[in-house]
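Here is a short briefing for a first look. Please view the sequence and the model before reading on.

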Amino acid sequence: MLSATNLGILRGERVLFEGVSLSVAPGEAVVLRGANGAGKTTLLRILAGLTRPEAGHVDRQATHHWIGHREGLKPHETPRAHLKLWAQAWGSDADIDAILGEMGLSRPSEVAARYLSAGQRRRTALARLMLDQRPLWLLDEPFTALDAEGREQLLALVANHRQSGGAVIAAIHGDAGFAASREVTL
Ligand SMILES: Nc1ncnc2c1ncn2[C@@H]1O[C@H](COP(=O)(O)OP(=O)(O)OP(=O)(O)O)[C@@H](O)[C@H]1O
């Protein structure tokens, strides 16, 4: 679904990482590990095509969702408005009320993002995964700010996605909560 070969990148004068290769196939989940500043976000951005590496090559064979550690929400727009905007942009006819319900966002569905809690903002960003079926999910610290119920909900989404042939590459500190096919440590 995606394979990356011998990736390397400089940041300033410093080699952030080099010689990093990984691949992910349908049903698999790869977990990226490393200390703060090791380069996990940078690697995910390279895999998503958002940052150009100094060395190496990424072969993408599937469309992907990119969920960064910043939610990328418009402060004045509500969860419902965000979902409608994304659905429109992607030509998705998904049931927005059902997704809001599944993500525990029915109650704050009309609250502007700047007044949402951190967990509610994260749930809004993660709702994108349900709007449009894309085979590969690139997730940067997806559990950040989620409560126990939100974490279980995301784990269920990941499990369903993998069972139906999807794949995940995720940067995660601590317990992933799912069985990783491989771990890549930077
Ligand atoms: N555009 C950039 N220009 C210069 N340095 C950058 C840039 N982007 C990232 N860096 C640096 O690269 C290093 C790796 O950052 P990155 O966000 O990839 O780490 P990370 O492993 O995801 O860290 P964390 O666990 O804290 O989220 C950091 O020192 C960061 O300051």
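Which residues are around the ligand? They are Arg 11, Gly 12, Leu 16, Gly 34, Asn 36, Gly 37, Ala 38, Gly 39, Lys 40, Thr 41, Thr 42 and Ala 171. A residue counts as near a molecule if its C-beta atom, placed from the backbone, lies within 6 Å of it.

This is a predicted model: local features need pLDDT of at least 70, side-chain atom pairs count only at pLDDT 80 or more, and totals for chains, interfaces and linings use all residues. Residues are numbered from 1 along each chain as its sequence is written.

**Ligand shell**
- Helix α1 (residues 40-48) gives the largest share of the shell, three residues.
- The shell divides into three nonpolar, seven polar and two charged residues.
- In these classes, Ala, Val, Leu, Ile, Met, Phe, Trp, Tyr, Cys and Pro are nonpolar, Asp, Glu, Lys and Arg are charged, and the others, Gly among them, are polar.

**Overall build**
- The chain has six helices and eight strands.
- Helices (H or I, at least four residues) and strands (E, at least two) are DSSP runs, numbered from the N terminus.
- Their order from the N terminus is β-β-β-α-β-β-α-α-α-α-β-α-β-β.
- Along the principal axes, the C-alpha atoms fill a box of roughly 45 × 35 × 30 Å.

**Burial and helix α4**
- Of the 186 residues, 35% count as buried.
- Buried means that 20 or more other C-beta atoms, placed from the backbone, lie within 10 Å of the residue's own; exposed means 12 or fewer, and partly exposed is in between.
- Helix α4 (residues 118-126) is mostly covered, with seven of its nine residues buried.
- Those buried are Gln 120, Arg 121, Arg 122, Arg 123, Thr 124, Ala 125 and Leu 126.
- Their cover includes β5 (64-67), α2 (79-90), α5 (128-131) and α6 (148-163).

**Two domains**
- Domain 1 takes 1-63 + 134-186, and domain 2 takes 75-133.
- These bounds come from an automatic or database domain assignment.
- The domain centres, taken over C-alpha atoms, are 23 Å apart.
- Twelve residues of domain 1 and ten residues of domain 2 make the contact, where two residues touch if their C-beta atoms, placed from the backbone, lie within 7 Å.
- On the domain 1 side, α6 gives the largest share, five residues.
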